[in-house]
Structures are given as structure tokens and as C-alpha cells.
Amino acid sequence: MKLSSFGQKLGTDAGINSLMDDLGEAMAGGGDVVMMGGGNPGHLPAVTDRLQEIAQELVNDPEQFRRLTGVYDPPQGEKQFIASLVELLNREYDWGLTPENVALTNGSQSAFFMLFNMLAGHHPDGSNRHILLPLAPEYIGYGDAGLTPDLFKAVRPEIDELGDNLFKYRVDFSQLEITEDTAAICVSRPTNPTGNVLTDEEMLRLEQLAIEHDIPLIVDGAYGTPFPDLMYTQASPRWTPQHILCLSLSKLGIPAARTGIVIANREIIRALSGVNAIMNLATGSFGAMLAEPLVRSGEIISMSRELVQPVYRQKMEKAVAAFREAMGDDCPWRIHTPEGAMFLWLWFPDLPITSLALYQRLKARGVLVVSGHYFFPGLPDEDWPHRHQCLRVTYSQDEADVARGLKAIAEEVKAAWKEG
Ligand SMILES: Cc1ncc(COP(=O)(O)O)c(C=O)c1O
């Protein structure tokens, strides 16, 4: 078999594939594995029960069941859900949306694939445009989503030491270079892998740059406001026609329903719907129909604020406390201030081994994390030791397991220091 460049790039070489294979293999090995590697949401019985109730109603009503299973939605997505979402967002935030501002996709991952390649890459005028990631580290899932090489350009952050073993990445605006070849700016907020939440001021400065250069500002809100609202710091949600806001139902607890939501100006939504029609014909209706009653009533917002967010906040606080206790002060360590999402980003300055070697030692002990070096898509391979000194740890799963895993990390780090 001879694979095309597309087949080779996405089918064999993609970093995310080898990472997923590795995690999958370790899990399949059975035994006592502590899974702190993936992005799976935790299991929240109150949310699951409510969704199950709605699913029962859909299945028991013949007309609803026919809509659920027997019709292709338009390429833009399930109409009822879109109408209810537009009403909800206008009521909450006064964004002035119409249904032409919203499209649904099979998970937000596929929305990013379509948007990045719609906006960046080869253009008919001969230019070759890129997506600017103003703050690396960034989401690993963007890295392989480009059909053309060098689709991303990322920028090193400023590192703000906050004391008490905490630090925060900030956008280094002095290093941001927007050229004629910059197609869009993209940030995840909260950020996977770091749990960073870019400040309102940083977001407004990025928006201003986007306006000045007439390019979109893509904001990945997979963990953000208004749902699932995994935010532990104050941050204002914002949308203007300059923004492409990408939301998802996954982290609320239904990743299997594969429902992504894109909110953008009409021109972008029209083009995205066209690409979606070619790739998928239609977006699956299941997630949209399951969540529509929650969106219509606004329950999706109260559920996120009152049920989902407090659970993750508590998990985060317990994980931080467990890691502090496990590390003590025998060797240097930092945690990125955990402001959102479901990850701790651990930094071990001057660690004698790389984060990949640390990952392997932990895997051998049955503790699965992700080596931080994967999370720098678009950053040139320059000499910056920091990118080999970090780990991403997911704290969404069982708390006792997470504490056990964090203890193992502390032990391995201390052992590595001892060995020098
Ligand atoms: C930052 C971020 N964006 C997007 C996604 C994609 O999520 P989904 O395709 O399930 O909507 C993820 C998944 O983990 C993520 O972490």
C-alpha cells in the first residue's frame, strides 16, 4: 500500500496517534493502572441521571425517536438545539446571535480540523498562511490537525512565579508577530494542558490584534463558560463577530455523543457547514437532542455551575494538597496555578531526566500521565529545557487513585534527583 502525504501525515506519523496507542496499550495490559493520562471527564451521577431521564423520554416518544434516529440534520446541525442555544446565549450574555451564527460538528475536535484547514494553509493567491498560538504550551490535539506542514506558529510564554510553588504562564505580547500570513489566532481557555485561564486583559489585547489584522480569534472553550464551566477563577465569557467560539458537550459528561458547537460570523458558519457536509454529510443528532431540553430551560448553565464545577474544583484542591504533601521541599517543583479544566501541569525545574523518561518510569509503575513535551505544537525546536521538564496529570478520575499516582510521581522525581 502506498499512502498519500495526507495518509502518511494523519494515518501514521501523527504524535497524538502514538500517544493514544501507548495509553491504550498500557490500559489493555490490565492490572492496577492509575489512569491520569487522558481527557475523560469524571462520572457524575447527578448529571448521568438527568441525561438518562431525557434519553428515556426521547426513546418513548415515537416522533422524537424518529427525529433521533431517522433523519439527516442539515449540515449546520440540529435546528431545535441551535434555536434554543441562540436564545440562551442572547438571554445570558446579550451577544445578538441568530441561528446563522451557530454550527454543530461531530465533536469540537473535528471543528478545529475543519476551521484550521479552511483558514490556514495554501491560498489561491499563492500565500501560505498559519494559525498563531500565542501561548505555548497548548492543546496537543491541534498539532496534527493541519493538512499542510507548518500550519502552526507558537510563542513562548512569560513565566510568572507566584510563590508557594505556583507559577502562571502569560502571553508574551512583545514576541507576538502577526504578519500578512497569519490566518487566525487560537487559544484554549481554560488551557489544556496547563489549567491556565488567560486573563480578560490578555483576551481583550488578542481581540484588538485580531481586529487590527482582520483575522478571527478562535477561542476553544471545551472546558469553559457557559458549560461545562470548569473555571476556578473569574473570567468573562465574550463573543463578537471577530471571535470563533468553539464549545463542546464532552466535558459535561457526554464525550461519546460527539457534539461540538461553533459560534462565529455567518460567513464562517456558512463555509464550515459546507466543509462539514462534504466530510460528514450531517452532524449526528444524539448529543444535540439529549442536551436540548437543558439548553431550552437554561438548566445546562445551573447544572454546570452548581453540579459539575464544584466537583472538579474539589478534585483539583485535593490533588494539589496531595501533591504538596508528597513533594515536600526536597527538590524543585512547581504547579501551574490551577484555574480551570481538569489537569495539573507540573514543572520540575532542572530535572536530571526528561519528562519523557519520567513518563516511562511512571508507566512501568502502572501510573499513566502525559509527558509535557507533546504540548508545544508550532514552537520551533529551539533550546528551551522547560519543554522537557513538565508533566500533565488528569485529576478527573477516582480521588484515591489520583493521590496514589501523585505520590508515585513525587517518589520518581526524588529518585531521579538522587541518581543525579
Ligand atoms: C482543549 C480541548 N479542545 C477540544 C477538545 C476536543 O473535544 P471534543 O472533540 O470531545 O469536543 C479537547 C478534548 O480533550 C480539548 O481538551
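These legends walk through a few close-up views of a predicted model. Because it is a prediction, local features need pLDDT of at least 70 and side-chain atom pairs count only at pLDDT 80 or more, while totals for chains, interfaces and linings use all residues. Residues are numbered from 1 along each chain as its sequence is written, and side-chain values use heavy atoms, with hydrogens and water left out.

**View 1. The largest pocket holds about 780 Å³ of space.** A pocket here is an open set of points on a 1 Å grid over the protein atoms alone, where a 1.4 Å probe fits, with protein on both sides within 12 Å along at least five of seven lines. Its volume is the space filled by probe spheres set on the points, which are joined across faces, edges and corners. Lining residues have an atom within 4 Å of a point. There are 36 of them, and the closest to the centre are Met-20, Gly-38, Gly-39, Tyr-139 and Lys-251.

**View 2. Helix α2 gives the largest share of that lining, six residues.** α2 (15–28), α6 (108–119) and β16 (390–394) each supply at least two lining residues. Helices (H or I, at least four residues) and strands (E, at least two) are DSSP runs, numbered from the N terminus. By class, the lining has 17 nonpolar, 15 polar and four charged residues. Ala, Val, Leu, Ile, Met, Phe, Trp, Tyr, Cys and Pro count as nonpolar, Asp, Glu, Lys and Arg as charged, and the others, Gly among them, as polar.

**View 3. The ligand sits in the largest pocket.** That takes more than half of its atoms within 2 Å of the pocket's grid points. Around the ligand are 13 residues, the closest being Ser-108, Asp-220, Tyr-223, Ser-248 and Ser-250; to be near, a residue needs a heavy atom within 4 Å. With three residues, α6 gives the most to this shell. The shell divides into four nonpolar, six polar and three charged residues.

View 4. An N or O atom in the Ser-250 side chain is 2.6 Å from a ligand oxygen. On its own the ligand has 390 Å² of accessible area (Shrake-Rupley method, 1.4 Å probe), and the protein covers 92% of that.

**View 5. Two cis peptide bonds come next.** Most peptide bonds are trans. Arg-189 and Pro-190 are joined by a cis bond with omega about -5°, and Pro-190 is in the loop between β8 (182–188) and α8 (200–213). From Phe-227 to Pro-228 the bond is also cis, with omega near 5°.

Conventions:
A polar contact is a pair of N or O atoms within 3.5 Å; within protein, one must be able to donate a hydrogen and the other to accept it, and residues adjacent in sequence count only if both atoms are side-chain atoms.
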